[in-house]
2 protein chains.
Amino acid sequence: MKSTANLLTPTPSAYTYPLLIKQLLVNAMSLHGDQEISYRGQMRYQYRDFQRRIGQLANALTRLDVGAGSTVAVMDWDSHRYLESYFGIPMMGATLFTVNVRLSPAQILYTLQDADTDVLLVHTDFLPIIAQIRDQLPRIRHIVVLSDDGQVPAAGMDVAGEYEALVTQAPAGYDFPELDENTKAVTFYTTGTTGDPKGVCYSHRHIVMHAMATALSLCSPGGTQRLHRADVYMPITPMFHVLGWGLPYIAIMLGLKTVLPGRYLPEVLLKLRETEKVTFSHCVPTILQMLLLGADKTGQDLSGWKLVIGGSALPPSLCEAALAKGMDVFAGYGMSETGPVVSLALTPASGAPATREEDLRLRCSTGQPSLMVDFRVVDEDMRDVPRDGLTRGEIVLRSPSLTPLYAKKPQASEELWRGGYLHTQDLAVMHPNGVVQIVDRLKDVIKTGGEWVSSIEVEGLITQIPGVQEAAVIGVPDDKWGERPMAFVVAATAVSAALVREQLLVHVQAKRLSAYAVPELARICLVAEIPKTSVGKINKKLLREAAPATV
Amino acid sequence: MKSTANLLTPTPSAYTYPLLIKQLLVNAMSLHGDQEISYRGQMRYQYRDFQRRIGQLANALTRLDVGAGSTVAVMDWDSHRYLESYFGIPMMGATLFTVNVRLSPAQILYTLQDADTDVLLVHTDFLPIIAQIRDQLPRIRHIVVLSDDGQVPAAGMDVAGEYEALVTQAPAGYDFPELDENTKAVTFYTTGTTGDPKGVCYSHRHIVMHAMATALSLCSPGGTQRLHRADVYMPITPMFHVLGWGLPYIAIMLGLKTVLPGRYLPEVLLKLRETEKVTFSHCVPTILQMLLLGADKTGQDLSGWKLVIGGSALPPSLCEAALAKGMDVFAGYGMSETGPVVSLALTPASGAPATREEDLRLRCSTGQPSLMVDFRVVDEDMRDVPRDGLTRGEIVLRSPSLTPLYAKKPQASEELWRGGYLHTQDLAVMHPNGVVQIVDRLKDVIKTGGEWVSSIEVEGLITQIPGVQEAAVIGVPDDKWGERPMAFVVAATAVSAALVREQLLVHVQAKRLSAYAVPELARICLVAEIPKTSVGKINKKLLREAAPATV
């Protein structure tokens, strides 16, 4: 129960400042009007143009009957159009739905229906998908085509026009309304391993508080791993994926030059970094791997590029390779449901790490909880586990930026929030200094002969073997032990299953790994590729389904 | 009218995170438990002790019948006790009243009565004042004595005990309640030039948002003028004065080593800087002057000390002297009513100033509006003045951290907030790049022969004259011109009124000043001292009252 004694009652004329996305623009536009936004280096304009275009976008959408409470879906690669949608659509009081374009047409259909989409903004690349499912989307009143060359291909369906033409023809002034800060601003879907995709929702307040707290966590370090106002920002996490981790809002709020790279092609990204002088980005480990390979080919130096890694754990070997290229790389942690950033693997203020090994360990850790995030690691009775770096528990969270529900899924919502904390289903340990390390997903942890094995730990040790590019470890049923670990390894030809096992046994000898964590030879499979989810994570669900046939 | 369409309704178990002062501690305590808090270098403890003591303070106050809605007044110099009060008292749901100890006993009495004070925490230095007025404060149930040596002098009145004894004897655990974020957290009084002191009020939300936005503004610069996690913080703006500008909350939130210097004695401050390795402070120009004089005497170098100057304009000559000592000095702007910080004289991200003169001008400017602050300069019809660096208008504000009213003063509250913006009564110009420069207080501007003269401008030019320490310019009635400027100058013996006039006429020649802005010889008075208000600002009200007799 909240106490309501002693509440302040503003004088009638006072402005009770709601936390709205439009407030992020107030000073950005006043102080940085001539700052640049570049789309692939082929189109560029200034913040003052951006501000005008947001008004034009709102007027164009108004003509398409969009208003407070409407849902506008966007299917695009990272573009100035997406950035305009991030602001203009929620600022109207409408909901921006960022569609995951990597889902199957059936899943895209499901999410467009479930989100009650009224208007769809769709890049020409995805028109064929929409044409397939258009007749099952009767609620969608208008489709706007996003085209890089201004051409609208024959789509076999009615379209309201092309984005650039609609925006530039619309009047500029738009009086964005005063909204309640708890107005729904954004929705998107998280594809769990079971059931239908679930709709995550964020209000204006959630987004503003995430921008403030994450920006402050990133800007306040003393030395390395620091974002600042002279940085040039380029997202390499798709803007349809958890709001590009919220960084586009931060970049505009701070007045940074912002580069939107379109579809992610490693050579384009590397070229943009050089020509646009990009200094701050974020991506998944797989993309970092591609960037490093690309830079190896051209001999490009990547000094001065700060890179936050999320989506999956940052393997120490990959971190080391990036540091060797001059990058300032470190991990971040969060989920679709959590804003998303809730921790960052920042070096403690107390000083630089003593050794290179310690530096790597810190940069690859789950990190320090961000400001305002009540970040707990708890046992099954919701008691904090000891801060000993050993005892495992589930990460549960409170912060001003967590999704307050799954849309239309009351039971899943209550399950997510049971006991008043958001349950991440990530298993972690907490070190004495408050630094967190995830050891596994609750559902990925392997129980063998009554003992727990961390799939992530074994994966990490396998990827350290020279020649190994990637590894995935799952639990498979075993009559004697209940479960046993099974490893899938992508590697150069010199690497054999026997070598992998031999190397893991070295860690057992050195007491860095339990003997029961080492898979049997028959359960170490060298494969050409490891299946991924739509957002680039290892698809363990698929591996588990395929596993019995493999052995 | 706010639209309430499209509001998000959290699932029942979700935690709807209110913005509370206690949330600022969540990560500070988890990540920086061994960080230090030092009181004058003579007592020191760690953040984890601070956390325990806040609980003990709450339990000690509970025993004195303090609860939600109570008002607890504090009269102290800057101390660990004050820092504990900043958190512990509002976290209980009570209101912290920071008493301005520099007011007269009559004004202190007025404010203690007006604030409905229930319990008073008072330093031994101020016991004689309270003894004088105790019988007129029947509402105050308990008086707690704050004593540096643990001794309680005979006060001629009942006291509940000594702070340190009460706190250390109280149990540690205290379950701070879940409050509504609009709960009143702090109150204090602003002494205008007319009428009774007015009570400014801030809620938990105001304080949290001020801490976040101000910290982000201070942490995000690329080069100089930057706060970061490795800084050591020492306030030199009294903690009773506008929450020490809010910086103590920021320091704890970010986990900084914090040094509390007690009563401000220049030699103690300089010594603490050296022994505690202080790197970030803030003060009024007068204190900076004293610090520079003190350092001159000992030959102390002040390199690496970042210093924000507020309270009055930073004179370029003083700024230059501080830079010469190695300090990274710059101005900030705000008022009791505004959170307080609403702008900071940060170097634009676009790069370092081209010349030393430009650097000085930027560091001494009113600065760039802080994040989230809707900072306008408007004419009498509330239209924005052109951003030309020339056209004057009043600064009006909206931000998440402004006082929503003056307590018990509905008319003054409505006047403050007329038209939905907080009126500062400061006259300023806005430059094309969004940087603001205050030219005068609305009520201090001088109207002579139909033309406006900025008292601040003339003061600035006079203080540039070698040998001049301080200057104040006011308008005095004049039969012919309506008003004429009159200058009061504190200077070395070599400086005469004729010299001051001669030097001002040089600026007229160079077209830097209008001829009518130069006071007549008889209106340039060399004085031993310029009267100050309780917070160290020039008391122009007193000068105006004294002026007719002077000429």
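Biologist: Which residues of α11(B) meet B:Pro285, B:Leu288, B:Gln289 and B:Leu292 in α10(B)?
Modeller: Helices are DSSP runs of H or I with at least four residues, strands are E runs with at least two, and both are numbered from the N terminus. Contact means heavy atoms within 4.5 Å. The partners in α11(B) of B:Pro285, B:Leu288, B:Gln289 and B:Leu292 are B:Leu318, B:Ala321 and B:Ala322.

Biologist: How many nonpolar residues are in the contact of α10(B) with α11(B)?
Modeller: Ala, Val, Leu, Ile, Met, Phe, Trp, Tyr, Cys and Pro count as nonpolar, Asp, Glu, Lys and Arg as charged, and the others, Gly among them, as polar. The contact has no charged residues and one polar residue, and its nonpolar residues number six.

Biologist: Happy with that! What pLDDT do local features need here?
Modeller: Residues are numbered from 1 along each chain as its sequence is written, chains are lettered from A and ligands numbered from 1 in the order in which they are written, and side-chain values use heavy atoms, leaving out hydrogens and water. This is a predicted model, where totals for chains, interfaces and linings use all residues, side-chain atom pairs count only at pLDDT 80 or more, and local features need pLDDT of at least 70.

Biologist: Are α10(B) and α11(B) parallel or oblique to each other?
Modeller: Axes are lines fitted to C-alpha atoms, for helices over the stretch in contact, and angles run from 0 to 180 degrees between N-to-C directions. The axes of α10 (residues 285-298) and α11 (residues 316-324) of chain B come within 11 Å and cross at roughly 40°. Angles under 35 degrees count as roughly parallel, over 145 as roughly antiparallel, 65 to 115 as roughly perpendicular and the rest as oblique. α10(B) and α11(B) are therefore oblique.

Biologist: Is the crossing of α2(A) with α3(A) left-handed or right-handed?
Modeller: α2 (residues 47-63) and α3 (residues 80-91) of chain A have axes that come within 9 Å and cross at roughly 65°. A crossing is left-handed if the near helix is turned anticlockwise from the far one by less than a right angle, and right-handed if clockwise. α2(A) passes α3(A) in a crossing that is right-handed.

Biologist: Which residues of α2(A) meet α3(A)?
Modeller: On the α3(A) side, the residues met include A:His80, A:Leu83, A:Phe87 and A:Met91. From α2(A) come A:Phe50, A:Arg53, A:Ile54, A:Leu57 and A:Leu61.

Biologist: Where is A:Pro340, and is its peptide bond from A:Gly339 cis or trans?
Modeller: A:Pro340 lies in the loop between β14 (328-334) and β15 (341-344) of chain A. Most peptide bonds are trans. With omega near 10°, the bond from A:Gly339 to A:Pro340 is cis.

Biologist: What is phi of A:Met382?
Modeller: A:Met382 sits in the loop between β17 (374-378) and β18 (393-398) of chain A. Most residues other than glycine have a negative phi. Phi of A:Met382 is positive, near 65°.
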